[in-house]
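Keep the sequence and the 3D view open while reading.

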Amino acid sequence: MKNVLIIGATGQIGSELTMKLREHCSGDVVAGFIKGAEPTGVLLESGPSAEVDITNAQQIADAVEKYHVDTIYNLAALLSAVAEGKPQLAWKIGVGGLYNVLEVSREKGCAVFTPSSIGSFGASTPHDRTPQDTIQRPTTMYGVTKVTGELLSDYYARRFGVDTRSVRFPGLISYTTLPGGGTTDYAVEIYYAAVKGETFKCPIKAGTYMDMMYMPDALRAAIEIMEADPTKFIHRNSFNIASMSFDPEKIYESIRLQVPDFKMEYEVDPLRQAIADSWPNSLDDTCARIEWGWLPAYGLDEMTSDMLYNLRKKLNIPEPAEALNQ
Ligand code: AKB
């Protein structure tokens, strides 16, 4: 991996992955963006950027050509709840866009990372310690695009030798860029409410477990899988990865250990709840551990400490001890 194109570089994963890869790679890491979501600040200043709309194959090919790209991170997608409102657009980006990326990669010899998701599973999937190879019959458009993406990526690897690789991301939690329209977004929003001293209105019912992951682990997974020795792969698209599974009560308890007067109420969103109910409670990530050495670093309480500390810094909110001294 030398010269990299990130499609969707200003999104939740892309904004952090671009910066991390710029430290990590010897070549150019190109921040691909769409009109209206241009990079700003350090993302703009620290490396090249190019307008790359995933639905426009020519724009992808031009950026690959110009920067001699050998690896594409395809991060363009509509998240699960938004995709239910715009299913046609979700397909156009998730499947039509991926097809463009794969075709350009077949012609120009690029490796491709495309994340899948816990959303690729459905109600008929075993919910606890969901196996690597199991039933994938999702009922959301997001899930349909993810399963299609897994199959299409495996097809391009087998048929054309394109080096496609993928992980099934859980809900991702970070303090840098907000997610937009996912089912797991509550697990980010709850931290914002906690540091601002607001009562959190939780859209997901108590007892609804989903896999989640802190962003530093997710970024490491995205880099490590692209650098792994492919001769050890039995799977490619896509690997279960996991680090923690919790329900709203568990994350609330974790935050209350550090913010004792924090309050949460339930205001369940039926759409997000129905999606969450169809997803696994927890994934079995044994294959990723064996085939490329995946190992998470963060658990819930370590993540909570780091999130609260960094969000307070970002929002200029004093640490509780400092506030007492003021
Ligand atoms: C979503 O909630 O849509 C995403 C995901 C789990 O893929 N965060």
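How many Å from an oxygen atom of the ligand does a polar side-chain atom of Tyr142 lie? In this predicted model, the distance is 2.6 Å. Ser80 also places a polar side-chain atom 2.6 Å from a ligand oxygen, and for Ser117 an N or O atom of the side chain is 2.7 Å from an oxygen atom of the ligand. With a cut-off of 3.5 Å between N or O atoms, these pairs count as polar contacts. Taken alone, the ligand would expose 250 Å², of which the protein buries 94%.

The shell around the ligand can be read residue by residue. Besides Ser80, Ser117 and Tyr142, it includes Leu79, Ile118, Pro170, Gly171, Gly182, Thr183, Thr184 and Trp279. Sorted by class, the shell holds 5 nonpolar and 6 polar residues, and no charged ones.

Six strands, paired in parallel, form an open sheet in the order E3-E2-E1-E4-E5-E7. Its edges are strand E3 (49-51) and strand E7 (164-165), each of which pairs on one side only. Inside that order, strand E4 (residues 71-74) pairs in the parallel sense with strand E5 (residues 111-113) over 3 bridges. To find this pairing in the view, look for Ile72, which stands opposite Val112 in E5.

Terms used: Residues are numbered from 1 along each chain as its sequence is written. This is a predicted model: local features need pLDDT of at least 70, side-chain atom pairs count only at pLDDT 80 or more; totals for chains, interfaces and linings use all residues. Side-chain values use heavy atoms; hydrogens and water are left out. A residue is near a molecule or strand if one of its heavy atoms lies within 4 Å of it. A polar contact is a pair of N or O atoms within 3.5 Å; within protein, one must be able to donate a hydrogen and the other to accept it, and residues adjacent in sequence count only if both atoms are side-chain atoms. Accessible areas come from the Shrake-Rupley method with a 1.4 Å probe; for residues, only the protein chains shown count as cover. Ala, Val, Leu, Ile, Met, Phe, Trp, Tyr, Cys and Pro count as nonpolar, Asp, Glu, Lys and Arg as charged, and the others, Gly among them, as polar. Two strands pair if DSSP finds at least two bridges between them. Helices (H or I, at least four residues) and strands (E, at least two) are DSSP runs, numbered from the N terminus.
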